[in-house]
Amino acid sequence: MEKDKLKLTSSEIGTLWGEYVNGTMTDVVNRYMVSIIEDEQIKNIFEDAITTSEKQKRQIVTFIENEGFPVPIGFTESDLFKGKPRLFTDIFCLNYLHIMTLHGLLGHSTSLGVSVRKDLRDFYDSCDNDAKKMYHQTIELLLEKGNFQRDPLFYPAQNPQFIISQDFTDGFFGKGRKLAATEIISISFNLKKSIMAKTLSIAFSQVAQSKKVRKFLTDSQNTADGQIKTFSKIMQTDNLPVPKSLETEVTTSTDSPFSDKLMLYHIGFLFQAAQNYHGAGLASAMRTDLVTAYEGTILKNLLVTKKWFNLMVQNKWLEQPPLAPNRTEIAKEV
């Protein structure tokens with residue numbers, strides 16, 4: 001069979017479906033932010049992001065329709081309430097775009113890793129290149145504005161060293177050794193993501209219309225805050241700096257620019273994505289206190305995502321992805 005005639009696999013359809021739903025969610029938020037941003041440099045980056053999102057959305061729709069699958073609804077103009085007051089500062093918007101670009105980079109890499117058909121691989125290569133460009137742009141502008149906090153600096157040892165004791169794994173009660181550079185990768189990464197999740201939960205809880213959604217968002221804020229405190233304490237015990245919070249970048253507006261559906265989905269997306277990052281941190285942890293911290297965090301996130309799922313389903317807001325054929329039901333129809 002010719003390579004360009006291959007049918008898309010379930011995994012390939014699944015990645016396209018997820019990319020479309022998550023992409024349309026981010027696009028709605030970006031469109032709101034570009035309408036309130038005053039800094040021309042930041043506004044220009046957001047305009048580029050919106051243009052890129054439109055290009056990718058059109059291509060995804062073509063892929064899905066050509067395979068005969070229905071295009072997901074995702075998020076649309078109906079989820080954006082125009083003309084609402086500013087909910088975020090310009091600097092928060094730039095930090096948001098940076099963090100969501102990181103999510104995009106990792107998501108595109110995963111999608112590419114399960115793609116076989118060349119046109120789809122070419123598409124994800126293009127998406128990856130777009131995300132890399134955006135990643136560089138957001139970092140450069142954050143650095144220029146003095147708002148990018150780099151990870152802790154280490155001082156070099158004179159020679160390579162080997163682990164010589166089982167105490168290397170002991171991190172409780174002040175015993176054992178200091179954090180390894182390989183462990184700080186995930187700690188710092190997860191702290192930045194938890195700070196973003198907490199800040200968005202605060203902002204969304206101020207403007208949500210539904211009491212149940214508002215309660216969930218407040219609980220999510222507390223969960224993220226607990227995770228920030230857990231990993232910040234581990235860093236600070238070793239006299240290492242932690243990323244600064246972003247709560248003060250949220251205004252006091254109570255007039256929502258977004259639908260409750262979008263805000264609830266967004267926080268659920270962040271907590272689900274965090275499971276991947278916490279899992280990676282657990283895999284790289286070589287200190288027992290870190291292992292315990294990651295295990296506790298993963299379990300708490302599971303509770304959050306369970307509540308999120310139930311609330312999304314109750315409101316009929318959660319779209320169903322394509323399912324494998326039910327052979328038993330098909331046989332009953334014969």
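## The largest cavity

About 90 Å³ of space lies in the largest cavity of this structure, which is a predicted model. Around this space stand His-103, Lys-193, Ser-194, Ala-197, Ala-224, Gln-227, Leu-270, Phe-271, Ala-274, Tyr-277 and Asn-301. By class, the lining consists of 6 nonpolar, 4 polar and 1 charged residues.

Three elements each supply two or more residues to this lining: helix 5 (181-207), helix 6 (211-237) and helix 7 (260-284). The greatest contribution is that of helix 7, with 4 residues.

## The second largest cavity

The search of the whole structure finds 2 cavities of 30 Å³ or more. The volume of the second largest cavity is about 40 Å³. Its lining is formed by Gln-149, Arg-150, Asp-151, Pro-152, Ser-188, Lys-192, Met-235, Pro-241, Val-242 and Pro-243. These residues divide into 5 nonpolar, 2 polar and 3 charged.

## The pairing of helix 6 and helix 8

Helix 6, already named as an element that lines the largest cavity, also meets helix 8 (residues 288-314), and the axes of the two come within 11 Å. The crossing angle is roughly 170 degrees. An angle over 145 degrees counts as roughly antiparallel, and helix 6 and helix 8 are therefore roughly antiparallel to each other.

On the side of helix 6, the contact involves Lys-212, Val-213, Phe-216, Ser-220, Thr-223, Gln-227, Thr-230, Phe-231 and Ile-234. Helix 8 meets them with Asp-289, Leu-290, Ala-293, Tyr-294, Thr-297, Lys-300, Asn-301, Val-304, Lys-307, Trp-308, Leu-311 and Gln-314. Taken by class, this contact has 10 nonpolar, 7 polar and 4 charged residues.

## The chain as a whole

The secondary structure of the protein chain comes to 9 helices and 0 strands. Read from the N terminus, the order of elements is α-α-α-α-α-α-α-α-α. The radius of gyration is 22 Å, close to the 20 Å that the globule rule gives for 334 residues, so the chain is as compact as a globular protein of that length.

Along the principal axes, the C-alpha atoms of the protein chain fill a box of roughly 65 × 50 × 40 Å.

Note on methods: Residues numbered from 1 in each chain as written. Predicted model: local features only at pLDDT ≥ 70, side-chain atom pairs only at ≥ 80, totals over all residues. Heavy atoms only, no water. 1 Å grid on protein atoms, 1.4 Å probe; cavity = no way out; pocket = protein on both sides within 12 Å on 5 of 7 lines; lining within 4 Å. Points joined across faces, edges and corners; volume = space filled by probe spheres on them. Nonpolar A, V, L, I, M, F, W, Y, C, P; charged D, E, K, R; others polar. Axes fitted to C-alpha atoms, helices over the stretch in contact; angles between N-to-C directions. Parallel < 35°, antiparallel > 145°, perpendicular 65-115°, else oblique. Contact = heavy atoms within 4.5 Å. Rg over C-alpha atoms; globule rule 2.2 N^0.38 Å.
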